Amino acid sequence: MMSVDIPTWPEEWARQYREAGCWQGETFGDMLRRLADEHGDHVAVVSGSIRMGYAELNRRVDQLAAGFHQLGITHGDRVVVQLPNIGTYVEVIFALFRLGAWPVFALPLHRRTEITHITKFADAVAYIIADIEGGFDYRELAAQVQDEVPTLAHVIVVGDPGSRDYHSIHDLYIEPKADLPKPVASEVAFLQLSGGSTGLPKLIPRTHDDYMYSLRISADICGLSKESKYLVVLPAAHNFTMSSPGILGTLYAGGAVVMSRDSSPDAALALIEQERITITAVVPPLALIWLDAAPTRSYDLSSLQVFQVGGAKFNSEAARRVEPVLGCILQQVFGMAEGLVNYTRLDDPEEIKVNTQGRPMSPFDEVLVVNDEDEAIEIGEEGHLLTRGPYTIRGYYRAEAHNAKAFTTDGFYRTGDIVRLTTDGYIVVEGRDKDQINRGGDKIAAAEIENLLLGHPSVHDAALVSMSDSYLGERTCAFIIPHGEAPSVQELKSYIRQQGIAAYKIPDRIEFMDVFPLTKVGKVSKKLLREIIECKIK
Ligand code: OOB
């Protein structure tokens, strides 16, 4: 199965990671079976009024796997999963893991452009959705996607399947059969989406072995146990929420995962009180909202031990407020769906927790900070972060040409982050050299939006850049050279919206220009464009 489509670790490295005990040969399907034996009725998942123990979760996963299999979904098939933070999400992913079918993780905000692309690119056979969520009818979206993607045989709906011939997931919990496929741990478990810096998102193949290792270490670093209660407020499919230590790390440790569809302080802080939550993970803008809200409310947050913030740079002034305001430990998390995750440790001194983005979680992580020529630089100097290790991919799925640029010849992933290392090995994120905007943790590939803008008849050229923002860290500004008379800002925004993309990718601001400033080699200078917009917004 491993090929140029699915690059993997060279055999020599794989052997070392196995010998060192990183990769232990357990699949996620087997992990859940073991946990059910060990923890029985102990609560695994809480979702609304539903509380489900490990044994029951395991039983329902067996039933759902049988139902998926009866539909024809089997080992190696790709299945796009786009669900809100509900308990069924956990059942769905484990049922697919158990069959060796690969979930392809979409975010709830993804729309026609993104879903069509990933469904086509992965040749997905099924698409699993909610009926209506947040006022949006996912069944309509599924119909549009099915029109464009012939391989998409099944749409499975959590809730009302509606009038089309979609399956209700409810009907797929059937008597388990003995003859289900048996995936092995060295195989791909799922495809995760990359934040992207090129036209369309890339797919990240993660194996059972490598991902299991990452959550084992994460659970240990975050001090998880059977008593832990993890609150899921960021999208469940995000790598942070899934494994750092997230849903899977919490289950691995025998704790309980509490799903919340609502991340607002009144919903989330109330759940912390009610469920005696011990750990949760947020992006910086959400941290700011909770930090402002908590002192004005009277929720009992005394159960909360660890407050994780990551996905985008958390500024140190806000970071300093976490412990006094929430009364728990701040943990900064700097990770990426491609692999490498860095944590500040729970017992680190305050200056480390507040001023750094942590250090690699595994002693087998290799991190290099290099100059433009890929040469190592002095500790403390800013440079490009490269990494390689037992849970960092060696290449994207079906992306041979891109992989040649995104990885060095000896297998280091070019993260696109500009960082500096402290003398004790902690990482401080200073910027980025990838053409991506990080809008409060939501990643936007500039080229993806520029290509959409270029589809408008009145757009001659387009360049998307970040502009600083005190709440989101960054927002987007699209500079446009019009073709003839300039369209209105409103018209361009609604044009982009009509293309069917995640709302966070719609440019926050649009500026018109006659010509773009150029670099010495004649490329559009995004650095100068950023300076222009910074002057305007000051
Ligand atoms: C996480 O994963 P992705 O794949 O959505 O985004 C990865 C990128 C990093 O390369 C970096 O540019 C940025 O997001 N990033 C941060 C950061 N955490 C991520 N930049 C500054 N400070 C941080 N703390 O975002 C992700 C995956 C696993 C755990 C946590 C975050």
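## Strand 13 and its neighbours

Let's start inside the sheet: strand 12 (residues 229–232) runs parallel to strand 13, and four bridges join the two. Strands here are DSSP E runs of at least two residues, helices are H or I runs of at least four, and both are numbered from the N terminus. Two strands count as paired if DSSP finds at least two bridges between them. Within this pairing, Lys229 sits opposite Ala256 of strand 13. Strand 13 also pairs with strand 1 (residues 43–47), again in the parallel sense, over three bridges; here Val46 has Val258 as its bridge partner.

Strand 13 covers residues 256–259, with Ala256 and Val258 pointing one way and Val257 and Met259 the other, and all of them are buried. Buried means under 20% relative accessible area, exposed over 50%, and partly exposed in between, using a 1.4 Å probe and protein chains only. In a regular strand, side chains alternate between the two faces of the sheet.

## About the model

This is a predicted model, in which local features need pLDDT of at least 70 and side-chain atom pairs pLDDT 80 or more, while totals for chains, interfaces and linings use all residues. Residues are numbered from 1 along each chain as its sequence is written, and side-chain values use heavy atoms, leaving out hydrogens and water.

## The ligand site

Around the ligand there are 19 residues, and Val333, Ala337, Asp417, Lys434 and Lys443 come nearest; a residue is near if one of its heavy atoms lies within 4 Å. By class, this shell holds seven nonpolar, eight polar and four charged residues. Nonpolar covers Ala, Val, Leu, Ile, Met, Phe, Trp, Tyr, Cys and Pro; charged covers Asp, Glu, Lys and Arg; the others, Gly among them, are polar. Strand 16 gives the largest share of the shell, four residues.

For polar contacts (N or O pairs within 3.5 Å), an N or O atom in the side chain of Asp417 is 2.5 Å from a ligand oxygen. A backbone N or O atom of Val333 lies 2.8 Å from a ligand nitrogen, and a polar backbone atom of Lys313 is 3.4 Å from a ligand nitrogen. Taken alone, the ligand exposes 600 Å², of which the protein buries 95% (Shrake-Rupley areas, 1.4 Å probe).

## The whole chain

The protein chain has 17 helices and 27 strands, and 60% of its 538 residues count as buried. Its C-alpha trace spans about 65 × 55 × 55 Å along the principal axes.

Technical notes:
A polar contact is a pair of N or O atoms within 3.5 Å; within protein, one must be able to donate a hydrogen and the other to accept it, and residues adjacent in sequence count only if both atoms are side-chain atoms.
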